[in-house]
Amino acid sequence: MAWIYLSIAIVFEIGFALGTNATQGFTRLWPSVFTLLSAAGGIFTLSLALKTLDVGVGYTIWTGIGSIGTVILGALIYKEKITPAKLGSFAAIIGGVVLLKIAAGI
């Protein structure tokens, strides 16, 4: 169940990051509401996942996969460029997540 909570937390994390850009400095009401709800939902579901998972593993996966999702969707939604350096960073993050799961015995 912890991995389900963590997956939901990652979706909220991506929504929070993308929503923050849409708020234009929290001057737009509905994007700001969406962003704040996403932040709260992400922290709540992460806390549920961390009842079982080690904080180092859970938090790192949450931020790592959230970062990758944010960059990919940022490219699709906001037309941000994905450079070779970003692709290399993705590979490093994914490799780190895999190694964390192996080290945690999960």
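1. Of the 106 residues in the protein chain, 33% are buried (under 20% relative accessible area; exposed means over 50%, and partly exposed is in between, with a 1.4 Å probe and protein chains only). The model is predicted: local features need pLDDT of at least 70, side-chain atom pairs count only at pLDDT 80 or more, and totals for chains, interfaces and linings use all residues. Residues are numbered from 1 along each chain as its sequence is written, and side-chain values use heavy atoms, with hydrogens and water left out.

2. The protein chain has four helices and zero strands, in the order α-α-α-α from the N terminus. Helices (H or I, at least four residues) and strands (E, at least two) are DSSP runs, numbered from the N terminus. The C-alpha trace spans about 45 × 35 × 15 Å along its principal axes.

3. Among contacts (heavy atoms within 4.5 Å) between residues at least 6 apart in sequence, 64% join residues at least 24 apart.

4. The largest nonpolar core has 13 residues, and Leu 6, Ile 10, Leu 46, Leu 53, Ile 61 and Trp 62 have the most contacts inside it. Helices H1 (2–22), H2 and H3 each supply at least two residues of this core, with the largest share, six residues, coming from H1. Such a core is a set of buried Ala, Val, Leu, Ile, Met, Phe, Trp, Tyr and Cys residues joined through side-chain atoms within 4.5 Å. Leaving aside residues up to four places away in sequence, Ile 61 touches Trp 3, Leu 6, Ile 10, Gly 66, Val 97 and Lys 101.

5. Ser 38 is buried, at a relative accessible area of 5%, and touches Phe 12, Gly 15 and Phe 16, not counting residues up to four places away in sequence. Thr 35, also placed in helix H2, is buried with a value of 1%. With the same exclusion, Thr 35 touches Phe 16, Gly 19, Thr 20, Thr 23 and Phe 26. Its side chain reaches the backbone oxygen of Pro 31 at 2.7 Å.

6. Ile 72, Leu 73, Leu 76, Ile 77, Tyr 78, Ile 82 and Leu 87 make a nonpolar surface patch of about 600 Å². Helix H3 (residues 55–78) gives the most to the patch, five residues. Leu 76, in helix H3, is exposed, with a relative accessible area of 56%. Patch residues have over 30% relative accessible area and no salt bridge; like charges are joined within 9 Å, nonpolar side chains (Val, Leu, Ile, Met, Phe, Trp, Tyr) within 5 Å. A salt bridge is a side-chain nitrogen of Lys or Arg within 4 Å of a carboxyl oxygen of Asp or Glu.

How values were computed: Areas by Shrake-Rupley, 256 points an atom, 1.4 Å probe, with all protein chains shown as cover. Polar contact = N/O pair within 3.5 Å; in protein donor to acceptor, adjacent residues only side chain to side chain.
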